[in-house]
Amino acid sequence: MTPNPLALIAEVTHRCPLHCVYCSNPMQLAGTKAELSTEEWASVFQQSGKLGMLHAHFTGGEPLARPDLTELISAARAAGLYTNLITSGIGLNEARLHALVGAGLDHIQVSFQDSREEAANWIAGAKAHAHKIELSHAIRRQIGQKKIAFTVNLVVHRQNLDHLEEMTAFIEQLGPERVEIAHAQYYGWALANRAALLPTHAQLENAVAIVAEAEKRLAGRMRIDSVVPDYYAKYPKACMGGWGRKLMLINPAGKVLPCHAAEVLPGLSFENVREKPLAWIWQESPSFRRFRGEDWMPEPCRSCDRRTEDFGGCRCQAFLLAGDATVTDPACSLALSHSIVESAVREVNSAAAIAQPAPASSFVQLQKQSTELWTYRTGPFK
């Protein structure tokens with residue numbers, strides 16, 4: 001029998017006030033009418049607890065767009081889950097933060113696009129940077145009253161890596177216990193904008209050195225997690241810990257997915273928590289069993305010593321790049337289709353691309369759909 005999942009990724013809404021050009025969410029977003037109700041999410045959390053899950057990660061879109069987020073946090077805590085809010089911070093003021101912590105919020109992760117306000121707002125497509133700084137100070141005050149863990153997530157890419165040293169110093173001043181230096185992942189809008197987001201070899205080498213120095217300087221004060229982007233790695237990541245092995249994601253409409261991008265894969269249908277119990281979906285559904293284990297693997301994965309470490313890499317990336325979800329992730333240096341990734345890397349490192357990088361006007365902007373879905377707002381941060 002398959003071991004029970006460790007964590008639930010709760011995509012409680014696709015509404016979002018930002019328009020980040022690196023957004024990896026699906027291009028077709030679930031509308032507000034399809035969202036699970038408070039009671040339906042409470043049932044999901046109860047089922048998750050009975051399945052032995054340990055964590056509930058609240059994400060979106062922007063989870064603060066849900067006016068019932070305090071009730072959702074409370075329901076997850078009642079089910080015995082450690083609660084983590086992954087947020088842009090827009091829609092959160094000090095009073096609401098206090099209420100969320102009182103309801104059982106254990107951890108908050110705030111995303112930053114840059115250390116420079118103009119650049120950060122440009123990447124986010126909204127004037128959010130100043131608010132995020134104020135919110136970070138409020139979180140530190142909250143930590144002084146009642147323990148809550150604080151992480152800053154910094155998404156890095158070609159447009160901001162050149163001043164990573166400045167950004168790490170900026171984050172240090174915010175005082176989080178942990179920082180994720182997360183390279184953009186090329187799904188959704190990020191894949192459409194890959195030519196302008198994929199860093200160069202020189203940028204990456206410089207970034208690795210900066211992170212190593214920061215880790216040494218901040219040891220014991222702030223933990224830094226950073227991973228080399230897929231396109232420059234020798235082997236692929238074990239996406240989501242392996243298909244259907246550790247994590248479940250439930251989208252706003254109740255579909256249960258092995259990862260956030262799984263709906264791009266043709267020929268797969270995903271069960272809904274409104275129709276099937278979570279335990280059955282995890283153990284028995286064809287979608288979760290499709291790429292679980294090793295039986296599906298082609299060569300070179302089938303005979304590779306790393307097959308129990310990376311599980312053939314990401315199925316969605318295999319489909320998006322090679323057109324076939326059953327092949328080895330093209331990010332793997334051993335993949336038969338690795339030339340696809342090599343070509344993308346070669347293009348961004350060409351003399352012409354380095355001399356004249358893609359201008360801002362070349363970005364495919366996140367459509368107005370995210371704004372149209374953003375229906376809930378709080379007052380100005382105070």
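The model is predicted, and in it helix α1 is followed by G52, whose phi is positive, near 90 degrees.

Helix α1 comprises 13 residues (residues 38–50), which at 1.5 Å a residue should span 18 Å; the end C-alpha atoms are 19 Å apart, in agreement with this value. W41, V44, F45 and S48 are the buried residues of α1. These residues lie on the same side of α1, because they cover an arc of only 95 degrees around the axis. The face turned away from the buried side of α1 carries the exposed residues E39 and K50. The packing partners of the buried residues of α1 include β1 (7–11), β2 (55–59) and α2 (69–78).

Buried residues of α5 include H129, L135, A138 and I143. Among the elements against which the buried residues of α5 pack are α3 (94–103), β4 (107–112) and α6 (164–174).

Most residues other than glycine have a negative phi, and most peptide bonds are trans. In the loop between β7 (223–226) and β8, M240 has a positive phi of about 55 degrees although it is not a glycine. F311, also not a glycine, has a positive phi of about 55 degrees; F311 is buried, with a relative accessible area of 14%. A cis peptide bond joins G60 and G61, with omega about 20 degrees, and G61 is found in the loop between β2 and α2. Another cis peptide bond joins E299 and P300, where omega is about 5 degrees.

Methods:
Residues numbered from 1 in each chain as written. Predicted model: local features only at pLDDT ≥ 70, side-chain atom pairs only at ≥ 80, totals over all residues. Heavy atoms only, no water. Buried < 20%, exposed > 50% of the residue type's maximum accessible area, 1.4 Å probe, protein only. Helix = DSSP H or I, 4+ residues; strand = E, 2+ residues; numbered from the N terminus. Contact = heavy atoms within 4.5 Å. Expected span 1.5 Å × (residues − 1). Arc of directions from axis to C-beta.
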